[in-house]
Amino acid sequence: MAATSGVSGMSVVYPIDIIKTQLQSSPVQNMGFIRSVVSTGRSIVSSSGVSGLWKGFAAAAVGIAPEKGITIGVNDGMRDYYLARHPLQKLSLQEEICAGTTAGVVQLIVTVPYEHVKIKLQLSTGKSVTDIVQEIGVRNLYRGFLATFLRDVPFCVIFFPLYSNLKTALSRGAEEEPFHAGLLAGMMSGTFAGILTTPGDMLKTTIQRGSGGVSTVTALRRVIESEGSGALFRGWNTRAMIVGISYALISSVFEFQKRLLS
């Protein structure tokens, strides 16, 4: 279920994801958000055609399925474990944070190599997944692990507790949670968590788009020295759109599937 919802979310926001990768890989430009997004999108289309906005999508869809399956599955499994210990009570904030942390850590097994290959595909021309893997080298697929950890673990710690509590609040005591509760809770939680974790995403892109092994600390220092600390939040608005829209779809589709199967 989580895998299906993950692919549905990715399919809608993938062109924005490619634009975000391009923005984070380029020097800061003195233009507004809309102009920078439109300019980058036009540049991609003019060089690669409309299909350039979907470059690497097939590989990304294959990667996102197990990633979201692990993330949502582990979080739900941990929450069920805690609820079984005190079935008549709500989860404590500490238990929700532990569930989110566990999900964030476990997903890195899939997320790091998947994201590494995806970024290389998005920035390359005419290369296949096999070409990219050979270029990176199997032992280097986990390059950017720490930066991805700094993005995804805090994201899960923020997103899952916030999503659960917002969904409950939006349901307003209804016996069956309405569809819009999962949709809005996913969008708001995803947007908020996505913005706060942009520096980790920026560092991950910086490391994984390069050809040499650069540590997270070195990447951090280079970005700050060359462009200032504000550059760590480059692409925060496109990331907010990507994560907000995708998690609205992921959450609502996942909850709908759970109701159907139950």
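Modeller: Helices first: they are DSSP runs (H or I, at least four residues), numbered from the N terminus. F155 and F159 both fall in helix α6 (residues 145-171), four residues apart, about one turn of the helix. The model is predicted, so local features need pLDDT of at least 70, side-chain atom pairs count only at pLDDT 80 or more, and totals for chains, interfaces and linings use all residues. Residues are numbered from 1 along each chain as its sequence is written, and side-chain values use heavy atoms, with hydrogens and water left out.

Biologist: How many aromatic pairs does a search of the whole structure find?

Modeller: Nine. Rings of Phe, Tyr and Trp (its six-membered ring) pair if their centres lie within 6.5 Å; planes under 30 degrees apart are stacked, over 60 edge-to-face, the rest tilted.

Biologist: Why is the pair of Y14 and F57 called edge-to-face?

Modeller: Their ring centres are 5.4 Å apart and their planes stand at 75°, so the pair is edge-to-face.

Biologist: What makes this pair tie together parts that are 43 residues apart in sequence?

Modeller: Y14 sits in helix α1 (residues 2-24) and F57 in helix α3 (residues 57-85).

Biologist: Is Y14 buried or exposed?

Modeller: Buried means under 20% relative accessible area, exposed over 50%, partly exposed in between (1.4 Å probe, protein chains only). Y14 has 0%, so it counts as buried. F57 has 22%, so it is partly exposed.

Biologist: Why is the pair of F155 and F159 called stacked?

Modeller: The centres are 5.6 Å apart and the planes at 5°, so F155 and F159 are stacked. F155, at 5%, counts as buried. So does F159, at 2%.

How values were computed:
Helices (H or I, at least four residues) and strands (E, at least two) are DSSP runs, numbered from the N terminus.
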